[in-house]
Amino acid sequence: MCGIVGYIGSGNVYDVLIKGLHRLEYRGYDSAGIALVDDKGKLSVFKAKGKVANLESYCEDKNTDSAVVGIAHTRWATHGEPSDHNAHPHYSEDGNLALVHNGTIENYQILKDALIQQGCTFQSETDTEVLVQLIEYIKVHNNCSLLDAVREALKEVVGAYAIAVVEKDKPDTIIAARKSSPLVIGIGDGEFLLASDATPIVEYTKDVVYLKDEEIAILQRGKPLQLVTLENEKAKIDVKTLQLSISQLEKGGYPHFMLKEIFEQPKTLLDCIRGRVVDGGKQVMLNGVLDNKEQFLKARRFVIVACGTSWHAALIGKYLLQDMCHIPVAVEYASEFRYSKPVIYDTDIVIAISQSGETADTLAAIKIAKGMGAFVYGVSNVVGSSIPRETDSGTYIHVGPEIGVASTKAFTGQVMVLTMLALSIAQLRGTMTPHQIEEIGKEILTIPDKVEGILKSLNEKVKQMSLIYTYARNFLYLGRGYSYPVALEGALKLKEISYVHAEGYPAAEMKHGPIALIDEEMPSVIIAPKDHLYDKIVNNVQQVKARGGSIIAVVTEGDDLISEIADHVLEVPKVSECLSPIITSIPLQLISYYIAINKGKNVDMPRNLAKSVTVE
């Protein structure tokens, strides 16, 4: 959600910024803009509603080659509609400053009213313009430096921010700061880069610094990086090495990132498992558990907080932890947890799940849980992101950058980590025998090959089948037990990228309302692997069919009962019940992808959605 890029160096500033904006397009946005300062102190701002390509077209006849420093932004509208005048960067009233901002200034109206009383006028409806006007006001009236004006202004701000500011009289400097919104600095050879995440930086350097909350960075040409706090105290500079390559950010011959990421899952699951399921499956070794044995031994309850697809993974995690560890588990939407007056004890372990590691609601939930004495365990994909830094311990899913907005490989990676987490805790607490752990451990090692087999056998079949369902306006997804969260996830994928209404339901609940919707116009996708609830789901399949509904069934190879009833059958290999969500989710990802493609939708950047939700 929103993206920031900044650059100081000997390269072409405009080219670096535009390329960086393209790298950040996956985050979701509705306008783009760029601010450039040349060596004569001229500050120019160019903005355009729509895609980065629109901004490029607008800038074609503009003088961009003389720029020596610049900042750029992709905006996802919060305050004010998507438009040229609401796009970032925003000028200060006297035209001396330009600022870009991710996040939300919660007290912006109070600050705006105060500035209007002081004679300020505003050109946009955004909270961001309030911040740049406030910085300018402080700078002028206190006769202070830009750094001091930024520090004092941010002390007045309530909310989340990642900002970058340039000053026309200082074409050798960018001031940047963050609180609850990510910002990373790349340190190159005589150059600095600044971005919301590492994707615009990796082409230029592997050395990065992740800003911490309430830190301010001073990027100056020819000088070392400086970090200070809001209180102007020097902050420690911790340089990390990026574990990211350009090839991971390219489509690699696939038409879309989403399809590439679906087909990457055999490899990403192998990366997720590597070094963790050891000794031929006899042991599961998660350092986050091994280093905190006492916490996991004394735990009396798990509370999992997450949003969106991660929440669906959390529901599967509940089944896994309860089945394997014999301990109660609650699953909460992070957005509701923070406002629900949660009851948390020091014997609770709170598990926070987020692909990006920057989800604002999940970060807020973590802070609440820690404040109430809970041990907090993070499950994330992005190394160095906020959630791994804020939690007491955790596990990375190691699936590589996920560019497609609709999560695929991150979902299966999260489920795999939760499976290993449950096994690791069960191993520690003695709730499973060594033989039981070894059986599942050995089977985990076969999952990447099984997923590869599914993709080879079903891709073309789903592609052809999806043509039949392209014009359906509603779908019902049904599952039981471990397959219920898979149904929710399948419905979400279809909604996200094809804009078709879809609902996921526990199959038994169909009779408590949704059955009224079923007719020949309402296809049902039923997840029905051979598990202990198989006979129950067969009844549900028959009930749908009796009402004229069209059925797509995901079944275990060799199923000859549901195959006789369903209109279309997608077979997957037989696996243990606890591993079935990874296997059965793959065909649903393909269904959503091909229906969206048939409808002509932009599957990588669906409308109104953002990859990383860093505001409420």
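Here is a short tour of the structure above, from the whole chain down to a few single residues.

This is a predicted model, in which local features need pLDDT of at least 70, side-chain atom pairs count only at pLDDT 80 or more, and totals for chains, interfaces and linings use all residues. Residues are numbered from 1 along each chain as its sequence is written, and side-chain values use heavy atoms, with hydrogens and water left out.

**Stop 1: everything.** Show the cartoon and you'll find 20 helices and 26 strands (DSSP runs: H or I of at least four residues for helices, E of at least two for strands, numbered from the N terminus). Turn the model around: its C-alpha atoms fill a box of roughly 80 × 55 × 45 Å along the principal axes.

**Stop 2: the inside.** Of the 616 residues, 61% are buried (under 20% relative accessible area; exposed is over 50%, partly exposed is in between, with a 1.4 Å probe and protein chains only).

**Stop 3: P89.** Select H88 and P89, which are joined by a cis peptide bond with omega of about 0°. P89 sits in the loop between β4 (67–75) and β5 (90–91).

**Stop 4: H326.** H326 is exposed, at 55% relative accessible area.

**Stop 5: K341.** Finally, pick K341 in the loop between α11 (334–337) and β19 (348–354). Phi of K341 is near 50°, again positive in a non-glycine residue. K341 is exposed, with a relative accessible area of 75%.
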